[in-house]
Amino acid sequence: MNRFIILFLFSLGILSTCVFAVEVIPLNEGWNFHRGFQAPASEIVKVTLPHTWNAGDGMFGNADYYRGLCNYSRKLSVPAHYRGKRFFLKVMAAQTVADIFIDHHFVMQHKGGYTAFVAELTDFLVPGTESVLEIRVSNAQTMDIAPICGDFNMFGGLYRGVELLVTEDVCIEPAYYASSGVFFTQSDVSEKKAHLKIEALLSARETTVTGCEVEFQLYDKEKLLCRVASAEVGEDKKVVMDMVLERPHLWDGVKDPYLYKGVVILRKDGKEIDRREEEIGFRYFHADAEKGFFLNGKPYRLNGVNRHQDRAERASAFYPQDHDEDLDLMQEMGCNAVRLCHYPQAKYMHQQMDKRGLVAWVEIPFVNVYVNNPAYDENLRLQLKELILQNYNHPCILFWGLFNEINSGWLDRPSRMAAELHALARQLDSSRPTMGASNQDDDFNGFTDLIAFNKYFGWYGDNMDDMGRWIDREHAAHPERKMGISEYGAGACVFQQADSLRHPEPWGQWHPENWQTYYHVENWKQLQEREFLWCNFIWCMFDFSAAGRREGTIMGRNDKGLVTYDRKIKKDAFYFYKANWNQEDKFVYIAGKRLVNRTRKTVDVQVFSNSGAAKLYINGKAYGTAKPDSVNVLEWKGIVLDTGENRIEVRNKYGADCCVWICPF
């Protein structure tokens with residue numbers, strides 16, 4: 001890269017990553033933003049991507065948070081040195097409809113707020129001149145784009161960033177549903193060997209693909225294991241190659257998420273002009289209707305959480321460190337899987353889950369209602385294609401999610417569309433099963449390869465034991481189905497504490513933390529006993545915004561998270577699951593420690609621990625040893641507190657925990 005281009009890029013405040021003749025230039029700085037179609041100069045502000053315009057009005061119960069049109073614009077200069085190159089704008093996500101303009105010329109429109117899209121700008125940019133790039137984005141509700149509705153906020157904006165791709169005339173296709181243009185399909189994977197099919201899509205405008213050769217290289221760390229090449233380019237500009245790896249080191253979940261590096265190189269007339277590098281994790285897996293889930297031939301129950309891309313201050317506009325913090329908390333708790341609900345989430349999450357060995361359930365936003373509108377059907381198909389093709393190579397993704405709670409309360413039945421999406425997913429990727437999340441008895445429960453259910457016995461309903469009874473009835477009625485639990489949970493506010501156990505009103509303002517703890521203890525007892533369940537996903541890992549909710553202490557908040565919205569406080573139920581799912585980080589934890597001022601002199605002390613028996617001390621006095629039960633709960637019943645301050649301490653050989661309770665009597 002010559003000195004002029006370097007100075008040009010720094011003048012834009014951006015950093016260029018050069019991979020031979022292909023450059024990826026972030027365009028996240030220097031945007032002018034305003035609401036509406038046009039605005040006076042006084043209302044135009046400077047913003048940096050990622051950005052959402054609902055970070056202020058969408059998080060605190062304002063059901064009328066702004067859902068409408070906004071405009072992003074910035075200057076885009078292309079140096080004369082780039083003559084003969086091609087230019088592609090890649091938008092990582094724009095909620096919900098985005099229209100691209102260069103110098104007020106319409107380029108393209110994209111419908112769907114959670115997947116990336118690419119617009120070729122070659123015909124609109126003139127090297128040596130300056131242009132104005134505008135992206136008009138609207139998150140207004142519409143009946144032809146999924147999701148039509150949902151119990152979560154749809155934050156408007158360019159909330160995952162934008163970049164410019166600069167390529168040669170012939171390149172690996174960057175605009176095929178915003179995918180990488182290369183696809184690795186695994187088959188016949190075992191400890192003995194793994195078969196890999198490599199497909200690369202080429203693109204050319206002014207010249208032809210004659211003289212092109214595509215080479216694939218597989219690396220184990222820095223060691224080149226094999227190399228295959230082909231100059232046979234099909235009429236569809238696709239190159240297909242195959243290879244077999246002997247004795248692969250398998251990607252084995254959180255225990256050993258081993259990754260190889262696959263490199264696809266495009267040469268024309270012997271000169272390298274493009275390349276892609278992606279990580280590959282070889283693994284095999286299946287679900288059994290009676291024995292549950294298996295990874296690499298071994299039982300591997302998927303214990304995980306649901307996660308919305310939503311947090312305090314940022315709303316949906318996450319930075320990499322925000323995703324990392326979420327994943328760190330999930331792994332501290334002991335999760336081996338994450339359901340990225342109810343829409344495609346950031347590419348960075350998939351990349352990190354590949355590295356961490358977390359299994360990913362990903363899905364399209366086919367949520368709640370279905371409208372028999374051909375344009376809506378087409379949008380569902382488009383979003384499924386984008387989800388699959390953009391994330392095809394991630395080893396963490398083991399299945400494609402097609403729907404969530406598509407209720408049949410409206411006259412339009414969703415069954416036909418669910419069947420269509422299943423067929424489309426299997427056509428696009430025959431190596432992974434499909435799945436759905438249902439909350440009712442309907443025919444589409446049997447359409448997907450796997451099915452899971454959203455059930456809240458003990459929260460929306462009084463009887464906690466109904467969970468186990470319902471699971472057994474459903475399993476007996478459909479023994480052929482591979483069944484799991486996709487959602488279960490209860491609300492809790494860490495600022496609401498009670499020393500009696502009483503079922504709160506789910507839609508009311510009183511959500512004491514102790515009921516959530518009790519709910520999860522009793523539900524996990526039932527879930528862990530049923531080995532035929534292939535998964536269980538808690539609803540949910542973090543509190544999140546849902547503008548229509550009027551419950552708990554904060555309006556517009558779903559407080560079923562195991563961690564608060566700002567990620568600062570881990571609720572008691574977090575430590576309960578940590579005691580059951582994380583066997584590495586030895587600890588003891590006293591439940592109910594936030595209830596400092598006690599109204600009863602006689603109490604039960606409840607502790608969660610993954611490290612065996614522990615001893616209880618109150619104000620230095622020993623109260624004996626308790627052993628963990630089948631779900632790692634330790635209890636001391638009928639303990640009489642001293643009047644005034646009581647220092648509660650629990651110890652075992654691995655650690656200790658303490659708190660202070662005050663009894664006025």
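In helix α5 (residues 415–428), the buried residues are Ser415, Met417, Ala418, Leu421, His422, Leu424 and Ala425, where buried means under 20% relative accessible area with a 1.4 Å probe on protein chains only. Helices are DSSP runs of H or I with at least four residues, strands are runs of E with at least two, and both are numbered from the N terminus. The model is predicted: local features need pLDDT of at least 70, side-chain atom pairs count only at pLDDT 80 or more, and totals for chains, interfaces and linings use all residues. Residues are numbered from 1 along each chain as its sequence is written, and side-chain values use heavy atoms, without hydrogens and water.

The cover over the buried residues of α5 includes α4 (374–390), β28 (397–404) and β29 (434–438); contact means heavy atoms within 4.5 Å.

Phe399 touches, beyond four places in sequence, Phe293, Leu302, Val359, Ala360, Trp361, Val362, Arg432, Pro433, Met435, Leu450 and Trp534. Phe399 is also among the residues with the most contacts inside the largest nonpolar core, along with Phe293, Met333, Phe366 and Trp534; this core has 114 residues. Helix α8 (residues 572–581) gives the most to it, with 7 residues. A nonpolar core is a set of buried Ala, Val, Leu, Ile, Met, Phe, Trp, Tyr and Cys residues joined through side-chain atoms within 4.5 Å. A second, separate core of 32 residues includes Trp53, Val78, Val107 and Ala119.

Strand β32 (residues 535–538) is covered on both faces, with Cys535 and Phe537 buried on one side and Asn536 and Ile538 buried on the other. Strand β25 (residues 302–307) pairs with β32 in the parallel sense over 4 bridges, pairing requiring at least two DSSP bridges. Gly304 stands opposite Phe537.

Note on methods: Buried means under 20% relative accessible area, exposed over 50%, partly exposed in between (1.4 Å probe, protein chains only).
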